[in-house]
Amino acid sequence: MEKTKLPKIMRDFLVYLTTIKGKSHRTRKEYEYDLTLFFRFYIAIQNDHDVSGLSKIDISTISIDEIREMTLEDLYLFMEYCEVQRGNSASARARKVATLKSFFKYLKGKRRLLEENPADELETPKIGRKRPIYMNIEEATQFIDGIQPNRASPRNYCMMMFFLNLGIRVTELCQLNKSSIQGRYLTVVGKGNKERTVYLNDSCIQALADYENSGKTACKEEGEEPLFVSQKGTRFTRQTVAKIVKRINQQSGLQKERLTPHKLRHTSATMMYKSGADIRSLQHILGHSSVATTQIYTHIEDEELQHVLENNPFNIVRAR
C-alpha cells in the first residue's frame, strides 16, 4: 500500500507535535489521519467531487494559500460529513475538532502564517461522561487465579499486579525498563512524556522478585532493556498485552465482557478510591493532568450513598 504524500506544512506540524509538544507517536498518527481526511474532504468539496472516493485524492499539493481560504463553515461541513456519512460518534468527532484546533493554532500562533484562525469558534461535541467499567474484588481475585501455571506465568502475574496495584496504562507498562525500578519506586513515563514516581507495595515487590527469578527470556533488542520481555525476547506491544488479559479472562472462567488492560486500570483506581484514597493522591498515581478526569471515580460514592438510602428502614411504601 502506497504511503500518502503529505504537504510540507502538515509534516512540519506533525514533527512539532512529537518534538515540542511531546505527543506520542500514536497520537501523532491519529492527528495525521484526521488532517488527511479533512484535506481530502476539502479538496472534494471545492471541486464538486463525490466524497465517497476520498481515499484517491492527493493532498500533497495543499498550500498555505489554500489553507488561508478555509473558513469556519468548511469545518462545520466536515464535522457534518463525519457525523452523518461516516457515522462518527461524539468522541470521535471531538478528537477531530481537537486536531483541527491544534493545527490552525499552530499555523497562526507558532508559524504566524494566518491572520485569522477559522477553528477558534469551532465547538467540541458534548460527550456524555461514561462511568468506568471495573471488576469488584471477588472478580479480580478470580481473574488473577486464572493465570495458568507455565513458564510465562510469573511474568504475566507480575504485569497483572502492576495493573491492579498501580493503575498504570498499558502503554506505560510496555515502556517500562529495568532501569525504571529504583528500590521500591517505579518511574513511569505517561502521556506527553511526563514522568511520575509510584511506590511499589509488597505485592508488586514479591511478584517482581518471582518474575526476575523465573529464568525469564533474555532480551534480544538493543538499547534500554525492557522490564517485561515477550517469549521472543522483544518489548511488548499494547496488542500483545491485551491478548494476555483476554486469555486470562477466558481461562479464569470469569468471562468478564470486554475486559481490557484499561479496565484493569479502572479496577485499580476504583478499589483505591473505595479504600480511602483522596482524589489528589489518585490523580498523581494515575498520571492524570487534570483532577476532573480523576473525578469519574467518585461515582462509587454515589452508588454507595444510593445503597444506604435504599436500605433506610423508613424506605417503606405505604398505601394511602
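# Guided tour of a predicted model

There are 16 salt bridges in this structure, which is a predicted model.

**Whole chain.** Show the C-alpha trace: its principal axes span about 75 × 60 × 35 Å. Colour by secondary structure to find 14 helices and three strands. Colour by burial next; of the 320 residues in the protein, 42% are buried.

**Helix H2, Lys-29 and Glu-32.** Select these two side chains, which form a salt bridge with an N to O distance of 3.6 Å. They sit about one helical turn from each other, because they are three residues apart in helix H2 (residues 25–46). Is Glu-32 buried or exposed? Glu-32 counts as buried, since its relative accessibility is 12% and the cut-off for buried is under 20%. Lys-29, with a relative accessible area of 46%, is partly exposed.

**From H2 to H5.** Select Asp-34 and Arg-95, whose side chains meet in a salt bridge at 2.7 Å, N to O. This pair links distant parts of the chain, with Asp-34 in helix H2 and Arg-95 in helix H5, 61 residues apart. Asp-34 is buried at a relative accessible area of 1%, while Arg-95 is partly exposed at 28%. Now extend the selection to Arg-26, Glu-30 and Lys-96: together with Asp-34 and Arg-95 they are linked in a network of salt bridges.

**Lys-178 and Glu-212.** Move on to the salt bridge between Glu-212 and Lys-178, where the closest N and O atoms are 4.0 Å apart. Glu-212 belongs to helix H9 (residues 202–212) and Lys-178 to the loop between helix H8 (170–175) and strand S1 (181–182), so the contact ties together parts 34 residues apart in sequence. Both residues are partly exposed: Glu-212 has 30% relative accessibility, and Lys-178 has a relative accessible area of 36%.

**An acidic patch.** Select Glu-115, Glu-116, Asp-120, Glu-121 and Glu-123, which form a negative surface patch. Glu-115 is in the loop between helix H5 (90–110) and helix H6 (137–145). At 72% relative accessibility, Glu-115 counts as exposed.

**Helix H11.** Finish with residues 261–274, the 14 residues of helix H11. From first C-alpha to last, H11 reaches 20 Å, close to the 20 Å expected at 1.5 Å a residue. How many of the 14 residues of H11 are buried? The count is 12, so H11 is mostly covered. Among the buried residues are Pro-261, Arg-265, His-266, Met-271, Met-272 and Tyr-273. After H11 comes Gly-276, with a positive phi near 110 degrees.

How values were computed. Residues are numbered from 1 along each chain as its sequence is written. This is a predicted model: local features need pLDDT of at least 70, side-chain atom pairs count only at pLDDT 80 or more; totals for chains, interfaces and linings use all residues. Side-chain values use heavy atoms; hydrogens and water are left out. Patches are made of residues with over 30% relative accessible area and no salt bridge: like charges are joined within 9 Å, nonpolar side chains (Val, Leu, Ile, Met, Phe, Trp, Tyr) within 5 Å. Accessible areas come from the Shrake-Rupley method with a 1.4 Å probe; for residues, only the protein chains shown count as cover. Lys and Arg count as positive and Asp and Glu as negative; His and the chain ends are not counted. The place of a charge is taken as NZ of Lys, CZ of Arg, CG of Asp or CD of Glu. Helices (H or I, at least four residues) and strands (E, at least two) are DSSP runs, numbered from the N terminus. Buried means under 20% relative accessible area, exposed over 50%, partly exposed in between (1.4 Å probe, protein chains only). The expected span of a helix is 1.5 Å times one less than its number of residues.
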